[in-house]
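Subject: Structure handover

Hello,

Here is the structure for you to look over. My notes on what was found in it follow below.

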Amino acid sequence: MTKNRISVTCRAKVNLTLDVLDRRPDGYHNLASVMQSIDLADILRIELVNHPGIEITSNQSDIPTGPDNTVHKACSLLLNAVGSDNGVQITLEKHIPHQAGLGGGSSDAAGMLVGLNYLLGNPLPKDELYKLAAQIGSDVPYFLIGGTALVKGRGDVVEKLLDVPQLQLVIVKPDVGIPTAWAYSRLAELSRKRTASTSAMVEAIHTKDRKSVVDHLFNDFELVAVEEFPAIKTAKQDLADLGAEATLLCGSGSAVFGVFSSSTVTYRAAEQLAGRYPFVVPTITTTSAIMFSGV
Ligand code: C5P
């Protein structure tokens, strides 16, 4: 019997590097970034039903449940692409904070594409799913690959890398949200010295050199985030004071992660910071982004 329900684990990401390069004729920026899945995830429950319509319910009341939701977009794009007149009932259990730079909405959209495609009998090959993913958002294609990956172009050119040596992290989100479009425009106003951070990170990963990975963590957006939001600077300092070997802004912010040397110090740091920030979680790097987890 074919299944009509599936549960999908949709993991968040951090950027181990993020170089924002030139502005493109389409208004987007070219990027060079190493993206990395982490063990912090939303759970998406998808059920195929016989009557038309896309219905989303969530454990969080403040997320949109209509066409603005990336999961809704992914669902209707896929139904249209395959000409299905099925309806879909979706439960979105959010754990990844939004406006954090952790890619929650993008991961959920990728999970929706893969999960719904499966329920429909896999009518679309991977390259067609990529095309739909790129229409939803710049970093959605990455989540179809997951793990450790080199991301280029607008975010749509994704190349799988060797898995990074596992890192123990604490993620902290201060009480500020940084709109992605604002961060890009602010960055464009600054004259920056170009570094070759992403190529050095790729080399560190290739040689499985954990120390070099930690030494080459870099994010162009950190400059504008630290300058504009003192809370980001404080979060980095708090993580460093609790023993983080390095700290870095997640994507375009506003979450920050710290890298720790053992699970003991990771959990101790997370415990100390809980209550001081709206969101604190200890986590580890993982080798995949999307995982089916049964019904
Ligand atoms: O595609 P996405 O919705 O993630 O992008 C949000 C905004 O971030 C875009 O409207 C654009 O202003 C900016 N952006 C960019 N270059 C990228 C990705 C995003 O300028 N590669």
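Asp-39 counts as partly exposed, at 42% relative accessibility. Partly exposed means between the two other classes: buried is under 20% relative accessible area and exposed is over 50%, with a 1.4 Å probe and protein chains only. Asp-39 is found in strand E2. Elements here are DSSP runs numbered from the N terminus: helices (H or I) have at least four residues, strands (E) at least two. Leaving aside neighbours within four places in sequence, Asp-39 is in contact with Arg-11, Thr-283, Ile-284 and Thr-286. Contact means heavy atoms within 4.5 Å. Asp-39 and Leu-223 are 184 residues apart in sequence, and their C-alpha atoms are 27 Å apart in space.

Some ground rules before the rest. This is a predicted model, in which local features need pLDDT of at least 70 and side-chain atom pairs count only at pLDDT 80 or more, while totals for chains, interfaces and linings use all residues. Residues are numbered from 1 along each chain as its sequence is written, and side-chain values use heavy atoms, with hydrogens and water left out.

**The ligand**

Where does the ligand sit? It sits in the largest pocket. The search ran on a 1 Å grid over the protein atoms alone; a pocket is an open set of points with protein on both sides within 12 Å along at least five of seven lines, whereas a cavity is a set where a 1.4 Å probe fits but cannot get out, and lining residues have an atom within 4 Å of a point. A molecule sits in a pocket if more than half of its atoms lie within 2 Å of the grid points.

Strand E2 (29-49) and helix H5 (180-189) are the elements that give two or more residues to the shell around the ligand. H5 supplies the largest share, 3 residues. The surrounding residues are Gly-27, Tyr-28, His-29, Leu-31, Gly-137, Ser-138, Arg-154, Thr-180, Ala-181 and Tyr-184. The criterion is a residue heavy atom within 4 Å of the molecule.

An N or O atom in the side chain of His-29 is 2.7 Å from an oxygen atom of the ligand. For Ser-138, a polar side-chain atom lies 2.6 Å from a ligand oxygen. Arg-154 uses its backbone: an N or O atom there lies 2.9 Å from a nitrogen atom of the ligand. The protein buries 71% of the 450 Å² that the ligand exposes when taken alone. Areas come from the Shrake-Rupley method with a 1.4 Å probe; for residues, only the protein chains shown count as cover.

**Buried residues**

Thr-148 lies in strand E5 (residues 148-153). Thr-148 is buried, with a relative accessible area of 0%. Its side chain makes a polar contact of 2.5 Å with the side chain of Gln-36. A polar contact is a pair of N or O atoms within 3.5 Å; within protein, one must be able to donate a hydrogen and the other to accept it, and residues adjacent in sequence count only if both atoms are side-chain atoms. Beyond four places in sequence, Thr-148 touches residues including Val-34, Met-35, Leu-161 and Ile-205.

Ser-106 is in helix H2 (residues 104-119). Ser-106 is buried too, at 12% relative accessible area. The side chains of Ser-106 and Asp-139 are joined by a polar contact of 2.5 Å.

Leu-129 is in helix H3 (residues 126-136). Leu-129 is buried, at 4%.

**Backbone points to check**

Which peptide bond is cis? The one joining Gly-253 and Ser-254, with omega about 10 degrees. Ser-254 lies in the loop between strand E9 (246-249) and strand E10 (256-260).

Asn-122 is not a glycine, yet its phi is positive, near 50 degrees. Asn-122 is in the loop between H2 and H3, and is partly exposed at 47%. Lys-208 also has a positive phi, about 55 degrees, without being a glycine. Lys-208 lies in the loop between helix H6 (197-206) and helix H7 (210-215), and counts as exposed at 60% relative accessibility.

Best wishes
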